[in-house]
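Walk through this model by its side-chain contacts. Start with the charged pairs, then turn to the rings.

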Amino acid sequence: MRKVFLKSLPVKVMIEPCNICNLKCEGCITGIKHPEAIKPLMLNFDQFRRIFDPVKEYVFSISLYNWGEPFLNEDIFSIVNYAVSNRCAVTLHSNFNVFNEGMAEKAILSRLTHIYLSIDGATQETYEKYRKGGDLSRVLKNIEILVNKRKEMKSIFPIVTWKYLIFPHNFREIEMARRRSKEINVDGFEVFFGNLDNIATFGSETRYDPATGKIVTYHKHFCDSLWDTLIMYPDGSVIPCCQSFRKIDIFGNSNAHSIREIWNNDDYSKMRSIIGRRRIEKGIRTPCRDCKIIEHL
């Protein structure tokens with residue numbers, strides 16, 4: 001209904017386990033160590049419970065990723081297990097360079113629902129042009145470890161999806177990567193358009209159509225996250241968009257105010273008014289003012 005003030009609480013949550021990474025990807029705020037970014041933090045289990053417990057009765061889906069590598073967090077499987085125990089499906093995104101057989105068993109026992117693996121090439125030469133510091137052979141071996149352990153433990157979870165970002169340098173290896181994903185029994189293969197300027201992607205989405213071999217771009221005209229998704233950093237900072245990363249993008253902090261108070265504060269209410277009613281007002285703040293949704297109102 002696009003109301004400005006919400007009686008409801010968010011039904012989806014994205015919490016960053018750590019905005020720290022082992023790779024140095026050029027299109028990532030963490031990889032390039034952006035000077036305006038929120039400082040590097042690691043979420044521990046107690047912090048997660050403080051953030052998650054106030055909304056756990058309402059949430060059915062939780063994403064444990066954003067600008068960092070989740071498997072660098074030693075508490076990640078305890079965090080996943082707690083979320084699943086509270087009837088939440090849990091999704092992770094990983095570059096999968098940090099993994100082993102012990103972690104595979106813990107991932108299955110934690111009942112992790114879905115994992116997206118960011119692999120943008122079928123050869124090491126192509127893969128490392130973007131995933132700087134990554135080792136493709138190690139990643140493929142780690143996938144085999146997880147898939148085999150899943151079979152051994154007679155589990156269908158976690159579902160494994162190979163996520164391939166397209167750049168000019170790796171377009172020709174898409175089908176080679178797709179074939180490789182089938183050979184190692186990955187469950188899905190999805191292709192998206194990569195962009196070295198993340199700000200340019202706000203409010204737009206570009207995907208590869210395998211049927212035609214073409215890239216299709218479309219602009220969003222509505223921001224669902226302002227109404228249904230709570231997005232947070234390890235320190236309890238609340239941001240309105242998964243592509244937010246600056247300190248000035250923060251809409252509130254759960255250590256200072258309740259989630260319900262933040263969810264209906266002036267920042268959220270103003271942006272819901274602008275997007276929901278398609279009415280531009282003065283003083284649009286970051287990150288919303290950089291979003292293409294605003295351009296197309």
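Which side chain meets arginine 138 in a salt bridge? The partner is aspartate 135, at 3.9 Å from N to O. A salt bridge here is a side-chain nitrogen of Lys or Arg within 4 Å of a carboxyl oxygen of Asp or Glu. The model is predicted: local features need pLDDT of at least 70, side-chain atom pairs count only at pLDDT 80 or more, and totals for chains, interfaces and linings use all residues. Residues are numbered from 1 along each chain as its sequence is written, and side-chain values use heavy atoms, without hydrogens and water.

The structure holds 14 salt bridges. Another joins glutamate 144 to arginine 180, with the closest N and O atoms 3.8 Å apart. Glutamate 144 lies in helix α5 (residues 136-152) and arginine 180 in helix α6 (residues 174-183), so this pair ties together parts 36 residues apart in sequence. Helices are DSSP runs of H or I, at least four residues, numbered from the N terminus. Salt bridges with shared partners also join Arg49, Asp53 and Lys56 into one network.

Now the rings. A search of the whole structure finds 14 aromatic pairs. One is phenylalanine 52 with tyrosine 82, edge-to-face at 6.2 Å centre to centre and 75 degrees between the planes. Rings of Phe, Tyr and Trp (its six-membered ring) pair if their centres lie within 6.5 Å; under 30 degrees between planes is stacked, over 60 edge-to-face, the rest tilted. Phe45, Phe48, Phe52 and Tyr82 form one aromatic cluster.

Conventions
Helix = DSSP H or I, 4+ residues; strand = E, 2+ residues; numbered from the N terminus.
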